[in-house]
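Have the sequence and the 3D view ready, and follow along.

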Amino acid sequence: MSDEAEVGQRLRLDALDRLAGPDRPWTGPQVDPRALRVGIVHLGIGAFHRAHQAVFTELAAAATGRDDWGITGVTQRSASVREQLMPQDGLYTVLERGADVASLRVVGSVREVVFGAGDPAAVVDRIADPAVRLVTLTVTEKGYRRDGTGGLDRSDPEVVADLAGRPPRTAIGQLVRGLQRRHAQSGAPVTVLPCDNLTDNGQVLRGLVHDFVAALPSAQAAGFADWIASSVRFPSCMVDRIVPATTEEDRADVRRALGLEDRGVVVAEPFSQWVVEDDFAADRPAWERAGAVLTADVAGWEAVKLRMLNASHSLLAYLGALAGYDTIAAALSDDRLSAAAEALMVEDVTPTLRVPDGLDLTDYRRQVLTRFANPALRHRTVQVAMDGSQKLPVRLLGTVRDRLAAGAVPRHAALAVAAWMVYVSQGRDVRGRKLPLDDPMADRLQAAAATADGEPHRLVESLLRIPEIFGADLPEHDGFRTVLVDHVARLLKG
Ligand code: CS2
């Protein structure tokens, strides 16, 4: 028996057509995928993009009758998304899990998936294609390869190799080499829109592109930097949707509902939000027709989301994982942990925020906690716990600095940082189960933690002295160190 026969027929356009009918328990693509032409290149086509921007883009195309906003997705490190989607004509299911009901949507806006490491030339070609007017990114915080000051990390061997002219492998390298070809070939204007959880993500990316270009030999940079300044825009945006890792159970649920095998299933909560700075070099999809907010002011939204939602997510992830809770919802069901998340948002974060017009912060806070409590999502604490060295500065340390500057001690934000420190040093939960340290700085963190030998003061001191995370200022702040040591001492006692 072939693989295909064992697992059932694979999701594909022709198979989907045969299933069409009024009673089907899923929503099909809102545009005809066969007629879609590519207008967007997306770097980093993971689950988040497929559950968020790809859906907004399809709905916007459907609302406006446009057929030129198909997506070429670039998978960065492994070919697996390509292997999942290409045999399926780019189709995949978003399995939306509400607290009580689930629903399914088959999405057709991804028309092609390129494996960046396997076919770097194709990535450069696609970005240069004048039919493409948008390059979007979700490459995670670490994918930007920044140094301690937020600039491009010129000591990173992958950055060095991309700068030396090999076929590009890093996201910034791919982007700059694609833009370089575009400048040489058509000079058509293009917008680059980063969709990762970073403060001022558009400006950050513009700065990194600038750093890369400035490090090129002058003959290559001539005219190119000016063209970028005049013809490329880097708007910022805030993205929000909880997208846990897909499990075998999720795939089995979709198989049962669809009657087809979908290897590209992504899972998401019902909530989805996108606030985009309306500053485009050329055309864009009418995302507002799909519920996105296009505005001149993204910064306020971004700060609210990162400091309220992502910060309390990280707090629950570290405290929850240490306490033996597998999921965020389970962690939140512990009164002490939900009180800590609430206190973080109310006491530490709220005083630091400039609230955007039309947003009620109390409602926002309640909504965040309700979303976290969704038991059907099964969002794992260790998933949110990963890459802490990259996430802490963005989510928590801005709040810490603002409160310290105001003369206050941010006790709850410090608790989240302390929980991360204990997570790093113990690597085990209260029941003795191993907790993975999935972080680009894992070796350095573990080495720093090991020197402390379980002594709270030394643990805080050794981790706080990592400037890429805590800068030069925070280790010098006695009040912050003292509150960290208190929390760490208590957490180490269990
Ligand atoms: C989470 C985010 O994994 C994490 O660190 O905090 O991915 C979070 O689920 C999203 O930002 C929600 O929009």
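The shell around the ligand takes at least three residues from each of domain 1 (3-295) and domain 2 (299-492), with bounds that come from an automatic or database domain assignment. This is a predicted model, where local features need pLDDT of at least 70 and side-chain atom pairs count only at pLDDT 80 or more, while totals for chains, interfaces and linings use all residues. Residues are numbered from 1 along each chain as its sequence is written, and side-chain values use heavy atoms, leaving out hydrogens and water.

So who's in the shell? Among the residues surrounding the ligand are D240, R241, H313 and R395. Helix α13 (299-322) gives the largest share, four residues; helices here are DSSP runs (H or I) of at least four residues, numbered from the N terminus.

| Side chain | Distance to a ligand oxygen |
|---|---|
| N197 | 3.0 Å |
| N310 | 3.0 Å |
| K391 | 2.8 Å |

The protein covers 87% of the 350 Å² of accessible area that the ligand has on its own (Shrake-Rupley method, 1.4 Å probe).

Now the two domains. Their centres, taken over C-alpha atoms, are 29 Å apart, and 27 residues of domain 1 touch 27 residues of domain 2 (contact means heavy atoms within 4.5 Å).

Note on methods. A residue is near a molecule or strand if one of its heavy atoms lies within 4 Å of it. A polar contact is a pair of N or O atoms within 3.5 Å; within protein, one must be able to donate a hydrogen and the other to accept it, and residues adjacent in sequence count only if both atoms are side-chain atoms. Helices (H or I, at least four residues) and strands (E, at least two) are DSSP runs, numbered from the N terminus.
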